[in-house]
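Reader: Hi! Could you walk me through this one?
Author: Happy to, let's have a look together.

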Amino acid sequence: MFDFERGPLKFIRGGKYPHCHSLFIDDARRAFVDAASEKDILKALDRENPIHILINSHGHEDHFIYNYLFSKAQFWVHESDAPMFRDIDKLIDCYDPTPSERNHWRKFIAESCYYEARNPDRLLKDGNELIFGTTRCRVIHTPGHTPGHCAFHFPEERVLFTADLDLVKAGPYYGDVDSSIEDTLNSLERLASIDVDVYLTCHGRGIHEGNPEHIHRYAAVVHEREEKLLEFLADGPKTLETVTAQGIIYGPPRSLSGWDLSVSESAMMKKHLEWLERKEMVNSENGCFSLIS
Ligand SMILES: [Zn+2]
């Protein structure tokens with residue numbers, strides 16, 4: 001039933017969009033972090049003994065798709081992502097959609113991800129200690145992917161649940177309107193300083209040895225993207241469209257689980273160009289970006 005167990009911590013893989021891996025905390029107060037993996041397993045655990053607490057690492061739709069099954073549980077999320085759970089439009093706003101994309105998103109999130117507006121019972125903050133019985137967990141606020149993204153540190157079990165700072169080869173995602181490259185890098189640095197045996201993530205392999213090198217390698221992808229972008233701009237001024245077509249992050253245009261990756265490519269390249277502008281390495285004029293020599 002579980003893909004990893006350490007004491008009360010039990011890990012359920014199932015992380016292909018619009019799903020993600022889940023963590024089950026099997027203690028006096030039973031809890032799920034990101035109930036979006038295997039529906040049957042999550043339901044069976046609730047039948048065996050009701051789930052008391054439902055935690056979301058952040059507000060993305062692939063992390064809450066089975067929340068609706070646990071309407072009696074207490075619902076805890078970080079205060080900065082709480083608006084995404086209270087109002088579907090706040091979630092859709094993150095993707096900066098055109099009016100027709102907004103309709104598509106609303107239908108997809110409501111019908112395929114079972115969105116139900118929900119007011120959190122507890123707003124998590126960095127450093128909070130969560131107590132489930134004998135199990136204790138520290139909330140590590142790790143903004144960047146979303147403003148309220150959190151990791152969860154279980155010091156006794158020496159486990160760190162890093163959620164969507166997911167250590168996949170492709171590197172981190174920071175393509176939402178409110179995503180931030182700098183915050184992502186700072187959050188990763190913070191996670192790398194936490195001494196644990198195991199990292200659990202929401203996508204990809206899910207279970208990693210707690211070696212900070214895994215986090216450093218993942219963060220290095222961000223710098224590699226920037227280097228490739230600088231190399232491309234060295235050729236002469238480029239528009240965002242031309243930069244996107246270069247496929248620095250995801251390669252040639254393609255879709256993944258029905259999602260057009262060029263949308264993410266464009267959003268993330270825009271973040272990189274803005275970051276380079278803040279660092280005064282790039283200048284933008286009439287929609288064209290050029291290197292400042
Ligand atoms: Zn996410």
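Reader: Which residues are buried in H8?
Author: In H8, the buried residues are Glu-265, Met-268, Met-269, Lys-271, His-272 and Leu-276. A residue is buried if 20 or more other C-beta atoms lie within 10 Å of its own, exposed if 12 or fewer, and partly exposed in between, with C-beta atoms placed from the backbone. Seen down the axis of H8, these residues fall within an arc of 150°, so they line one face of the helix. The arc is that of the directions from the helix axis to the C-beta atoms.

Reader: Before we go on, what kind of model is this?
Author: This is a predicted model, where local features need pLDDT of at least 70, side-chain atom pairs count only at pLDDT 80 or more, and totals for chains, interfaces and linings use all residues. Residues are numbered from 1 along each chain as its sequence is written.

Reader: Thanks! What covers the buried residues of H8?
Author: The cover includes helix H5 (181-192), helix H6 (212-233), helix H7 (240-245) and strand E17 (282-285). Helices (H or I, at least four residues) and strands (E, at least two) are DSSP runs, numbered from the N terminus.

Reader: And what happens just after H8?
Author: Glu-280 takes a positive phi of about 55° there.

Reader: Switching to sheets: what is the strand order in the open sheet of seven strands?
Author: The order is E1-E2-E3-E4-E5-E6-E7, and the pairing is mixed. Strand E1 (4-6) and strand E7 (122-124) are the edge strands, each pairing on one side only. Two strands pair if DSSP finds at least two bridges between them.

Reader: Where is Pro-120?
Author: Pro-120 sits in the loop between helix H4 (99-112) and E7. With 19 other C-beta atoms within 10 Å, Pro-120 is partly exposed. Leaving aside neighbours within four places in sequence, Pro-120 is in contact (C-beta atoms, placed from the backbone, within 7 Å) with Phe-75, Trp-76, Val-77, Ala-82 and Phe-85.

Reader: Last one: how many residues lie between the strands in the hairpin of E8 and E9?
Author: Four, and Gly-133 in that hairpin takes a positive phi near 140°. E8 (residues 129-131) and E9 (residues 136-141) pair in the antiparallel sense over three bridges, with Leu-130 opposite Cys-137 in E9.

Note on methods:
Contact = placed C-beta atoms within 7 Å.
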